[in-house]
Amino acid sequence: MARKSHLNRRCGQNRLTCVKSGVAFSQQKGNAMRFLFSAGAAIVLAVSAGVWFERDPDTSAGPVVKLMDKTGHGSGVHIGDGYVLTAAHVTAGKETMAYLRDDGLKGSATVLWENKARDISLVRIDTDSGISAANLECREPDPGETVLLKGNPLNLEHITTYGRVAGSAVPIAHWESVVPVDASIAGGMSGGGMFDTDGDLIGINVGMALQPLGMAATAVGLSLIVPGSAICGLLAR
């Protein structure tokens, strides 16, 4: 996709709006609009993590976790020493959240900081024993590159979808820089990871693009991801 496509324009212009996938809401002309998404339409394909990732034999859980509180849930990615990357709108001013690993272990996570401009937050889980750590690559994915998006959409847990990077990183709405990807995400996958085919973490899921249709809206098949290069800048890497 060319860099000067309609994705370069701010949300609300050219009838393109964006939805935060962690809480499944969209803003059109400043007014919040809520939408429900069909799991069948939102999830293109779930594949086994074992096909794409070689798990550390000393761990029982993959790096992607489900982050929860009384108001809803999102996703996060463990990058080592108990540190978990997620989307800032998932933590949304909270001090603590619960988490669930894909081996069933539950625990508590403490929110360390949020960067609303990047929509990235860092939390720390109460133990890193038995959980894999994703290798964070400090790069922007290449247009056309095959990628996998992992998270916990809707009432599903630890799902993987895949697709290709649709274009270079651009500013959209309140996001300083996001990469458009044609892999599907749905509410609950915000804060989950975008991985390359080597299993390296190259981005964090933050939203999806919606096309307004009168009083409703429809997904246009593009997910929005904060690239690893921007995340590493926040981590001073």
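1. Basis of the note. Residues are numbered from 1 along each chain as its sequence is written, and side-chain values use heavy atoms, with hydrogens and water left out. Because the model is predicted, local features need pLDDT of at least 70 and side-chain atom pairs count only at pLDDT 80 or more, whereas totals for chains, interfaces and linings use all residues.

2. Strand β5. Helices (H or I, at least four residues) and strands (E, at least two) are DSSP runs, numbered from the N terminus. Strand β5 covers residues 72-80 and is mostly covered, with eight of its nine residues buried, where buried means under 20% relative accessible area, exposed over 50%, and partly exposed in between (1.4 Å probe, protein chains only).

3. Pairing with β4. Two strands are said to pair if DSSP finds at least two bridges between them. Strand β4 (residues 64-69) pairs with β5 in the antiparallel sense over six bridges, and a hairpin of two residues joins β4 to β5. Within this pairing, Val 64 stands opposite Val 77 in β5.

4. Pairing with β6. Strand β6 (residues 83-86) also pairs with β5 in the antiparallel sense, here over three bridges, and Tyr 83 in β6 is the bridge partner of Gly 80. The hairpin of β5 and β6 has two residues between the strands, and Asp 81 in this hairpin takes a positive phi near 60 degrees.

5. Thr 86. This residue is found in strand β6, and Thr 86 is buried, with a relative accessible area of 0%. A polar atom of its side chain lies 2.6 Å from the backbone oxygen of Ser 75. Leaving aside neighbours within four places in sequence, Thr 86 is in contact (heavy atoms within 4.5 Å) with residues including Leu 67, Ser 75, Gly 76, Asp 119, Ile 120, Ser 190 and Ile 204.

6. The disulfide. Taking a disulfide as a pair of cysteine sulfur atoms within 2.5 Å, the count comes to one. The bond joins Cys 138 to Cys 232, with an S to S distance of 2.0 Å, and the torsion about the S-S bond is about -80 degrees, so this disulfide is left-handed. The pair links distant parts of the chain, 94 residues apart, with Cys 138 in the loop between β9 (120-125) and β10 (146-151) and Cys 232 in helix α4 (residues 228-234).

7. Accessibility of the two cysteines. Cys 138 counts as partly exposed at 42% relative accessibility, whereas Cys 232 is buried, with a relative accessible area of 2%.

How values were computed: A polar contact is a pair of N or O atoms within 3.5 Å; within protein, one must be able to donate a hydrogen and the other to accept it, and residues adjacent in sequence count only if both atoms are side-chain atoms.
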